[in-house]
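Let's take a friendly walk through this model, starting with the chain as a whole and then settling on one residue.

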Amino acid sequence: MKKLSLLIVLFAFSVTTLLAQTKVITGTVSSAVKGEGPIPGVTVQVKGTTIGTNTDINGKYSLTVPQNATTLVFSYIG
C-alpha cells in the first residue's frame, strides 16, 4: 500500500511538471486594411519548430507552445 501511494504521488507530480512546461497563446489575425477584418487560413508557427496551427474562419488561433518559445511566424498565401 505504501508503494502504491508513493507511485500515485510521483505520477501526480510528474504530470504537474509536464503541464507547467507549456503555455497557450491565443489571438486573432486581421488585415491592416480598414474594413477587411479577420484573415482565415493564416499559418501560425513557433519559429524553429514544427509546432503550428491555422487560423479559423474568424481569424482566431490557439497554440500550445513550450515555455521558452519567443517567436511566432505568420504566413499566408493568397
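Strands here are DSSP runs of E with at least two residues, and helices are runs of H or I with at least four; both are numbered from the N terminus. Please keep in mind that this is a predicted model.

## The chain as a whole

The protein chain holds 1 helix and 5 strands.

Of the 78 residues in the protein chain, 14% are buried. The chain exposes about 6100 Å², and carbon and sulfur atoms supply 64% of that area. Among contacts with a separation of 6 or more, 54% come from residues 24 or more positions apart.

## Where Thr55 sits

Now let's zoom in on Thr55. You will find Thr55 in the loop that links strand E3 (52–54) to strand E4 (60–66).

Is Thr55 buried or exposed? Its relative accessibility is 6%, so Thr55 counts as buried, given that the cut-off for buried is under 20%.

## What Thr55 touches

Which backbone atoms does the side chain of Thr55 reach at 2.9 Å? One is the backbone oxygen of Ile39, at 2.9 Å. Another is the backbone nitrogen of Val42, also reached by the Thr55 side chain at 2.9 Å.

Technical notes. Residues numbered from 1 in each chain as written. Predicted model: local features only at pLDDT ≥ 70, side-chain atom pairs only at ≥ 80, totals over all residues. Heavy atoms only, no water. Buried < 20%, exposed > 50% of the residue type's maximum accessible area, 1.4 Å probe, protein only. Polar contact = N/O pair within 3.5 Å; in protein donor to acceptor, adjacent residues only side chain to side chain. Contact = heavy atoms within 4.5 Å. Areas by Shrake-Rupley, 256 points an atom, 1.4 Å probe, with all protein chains shown as cover.
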